[in-house]
Amino acid sequence: MPDARTTRLVDAYERLTPERLPELLALYDDTAAFKDPFNDVRGRAAIGRIFRHMFEELREPRFAVQVAASEGDQAFLTWELHFKRQGSGQAMAIRGASHIHYSPAGLVRMHRDYWDAAEELYAKLPLLGLLMRALKRRLATPQPR
């Protein structure tokens with residue numbers, strides 16, 4: 001069951017737009033750490049740059065949180081990031097999870113995202129996806145017939 005801190009965080013992510021980015025960042029400590037498959041930064045300003053970049057690179061990005069749970073000073077979220085690719089306008093989604101640690105003041109002090117960039121992103125790109133699927137077939141354990 002999510003607590004009030006986590007409920008506010010989920011709401012901020014699900015309503016996130018470039019204009020509402022300050023509302024999300026206000027839930028993070030000044031020295032918060034953020035890590036995902038492409039970024040490892042510290043500080044509210046650096047975290048803000050990641051989200052501004054997301055809005056520049058993706059069309060219509062939006063988060064949909066599937067599960068939110070809190071215990072003590074930690075929270076766990078599962079989510080989907082829906083967006084359209086620049087250029088093609090192809091609808092895509094990335095599924096992932098976030099591990100959150102709160103400070104004593106109730107602000108996010110650590111945010112770690114877990115998602116499989118190979119499966120969720122690279123495999124869906126035209127040329128790279130073809131190579132990734134071929135590699136996956138080659139490395140997969142054979143299944144009994």
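Reply: Thr6 touches Ala68, Ser70, Ala75, Leu77 and Tyr102, leaving out residues up to four places away in sequence; contact means heavy atoms within 4.5 Å. The model is predicted, so local features need pLDDT of at least 70 and side-chain atom pairs pLDDT 80 or more, while totals for chains, interfaces and linings use all residues. Residues are numbered from 1 along each chain as its sequence is written, and side-chain values use heavy atoms, without hydrogens or water.

Thr6 sits in helix 1 (residues 4-14). Helices (H or I, at least four residues) and strands (E, at least two) are DSSP runs, numbered from the N terminus. Thr6 has a relative accessible area of 0%, so it counts as buried. Buried is under 20%, exposed over 50%, and partly exposed in between, with a 1.4 Å probe and protein chains only.

Now the helix. Helix 1 lies across strand 1, strand 3, strand 4 (74-85), strand 5 (91-102) and strand 6 (108-114). Helix 1 runs at about 165° to strand 3. Axes are lines fitted to C-alpha atoms, for helices over the stretch in contact; angles run from 0 to 180 degrees between N-to-C directions. Helix 3 (residues 44-57) lies across strand 1, strand 2, strand 3 and strand 4, at about 135° to strand 3.

Six strands form an open sheet, ordered 2-1-6-5-4-3, with mixed pairing. Two strands pair if DSSP finds at least two bridges between them. Strand 2 (40-42) and strand 3 (58-71) stand at the edges with a single partner strand each, so one side of each has no neighbour in the sheet. Neighbouring strands are turned by 20° against each other on average, direction ignored. Strand 1 (residues 28-35) pairs with strand 2 in the antiparallel sense over three bridges. Lys35 has Asp40 of strand 2 as its bridge partner.

Phe76 lies in strand 4. Its relative accessibility is 40%, so Phe76 counts as partly exposed. The C-alpha atoms of Phe76 and Ile100 are separated by 6.2 Å, although the two residues are 24 apart along the chain.
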